[in-house]
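Welcome, and please take a moment to look over the sequence and the model. A short tour of the two chains and of the place where they meet follows.

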Amino acid sequence: MLWKGLERIGEEHREILVLKELEGFRYTEIATILEIPEGTVASRLYHARHALRDALVGMGAQYP
Amino acid sequence: MSQPNSHDDLMRYLDGEMPPDERARFDTELASSTELSRELAIFKAMRADVQGLSLHPATHYRSVWDQVNASVARPVGWILIVGGVIAWTGYGAYVFSTSPGDPWEKLATGAIVIGILTLLASVIWERYRDWGTDPYRDVHR
């Protein structure tokens, strides 16, 4: 279900989630890789996680 | 409704990107905001799930057949196929070169066949090289 959720969210969201959650990069590294300001990383991660949560909940997952 | 700045702080808090003094300040903010605390709980649960996904080979159970397949059946299969292809190609080349016919026709046909084989080998090599460096090839879905 998680992979399906990741497939459903946009490429931009998926990209930053993979870098953070699966590859374990820090914000400065993510900013360098994606060529975005470091301050944007947190904001983009928030929206990505929100999108993933919506996708998972839409597929029947339950989060507190 | 929590503010956009709080969203960014929430992420930095969750990901351990916040210095200790800021973290202490944010703990106070969390204690006073049910919505932020709830979001934090959701993202923590989700992060644990996502981090459980694997980009690397899993140490999953391999049956006896899996092991035989990987260590014996596949190599034997490939050796037989490659051997057969080499034998047929050699035989075909021999028959083709010794058969009567216009040398120019043979030359042109030979050039086409060699060209096709070269392109095929090139594509196979590229795919093999990309596969070797693909970080996601072992992703388990």
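Among contacts in chain B between residues at least 6 apart in sequence, 61% link residues at least 24 apart; two residues are in contact if their C-beta atoms, placed from the backbone, lie within 7 Å. This is a predicted model, in which local features need pLDDT of at least 70 and side-chain atom pairs count only at pLDDT 80 or more, while totals for chains, interfaces and linings use all residues. Residues are numbered from 1 along each chain as its sequence is written, and chains are lettered from A and ligands numbered from 1 in the order in which they are written.

Chain B has five helices and zero strands, and its elements run α-α-α-α-α from the N terminus on. Here helices (H or I, at least four residues) and strands (E, at least two) are DSSP runs, numbered from the N terminus. Of the 141 residues of chain B, 7% count as buried. Buried means 20 or more other C-beta atoms within 10 Å of a residue's own, exposed 12 or fewer, and partly exposed in between, with C-beta atoms placed from the backbone. Helix 2 of chain B lies largely in the open, because the number buried among its 13 residues is zero.

Now to the meeting of the chains: 19 residues of chain B are in contact with 16 residues of chain A. On the chain B side, helix 3 of chain B gives the largest share, nine residues.

How do helix 4 of chain A and helix 3 of chain B pack? Their angle is about 80° and their axes are 11 Å apart, with axes fitted to C-alpha atoms over the stretch in contact and angles running from 0 to 180 degrees between N-to-C directions. That makes the two helices roughly perpendicular, a term for angles of 65 to 115 degrees.

| Helix | Residues in the contact |
|---|---|
| Helix 4 of chain A | A:Arg49, A:Leu52, A:Arg53 |
| Helix 3 of chain B | B:Ile42, B:Phe43, B:Met46 |

Helix 4 of chain A also holds A:Val57. A:Val57 counts as partly exposed because it has 13 C-beta neighbours inside 10 Å. From A:Val57 to A:Gly5 is 9.1 Å, C-alpha to C-alpha, although they are 52 residues apart in sequence.

Finally, a word on confidence: chain A averages a pLDDT of 88, and 98% of the residues score at least 70, where pLDDT is the predictor's confidence in each residue, from 0 to 100.

Definitions and conventions:
Angles under 35 degrees count as roughly parallel, over 145 as roughly antiparallel, 65 to 115 as roughly perpendicular and the rest as oblique.
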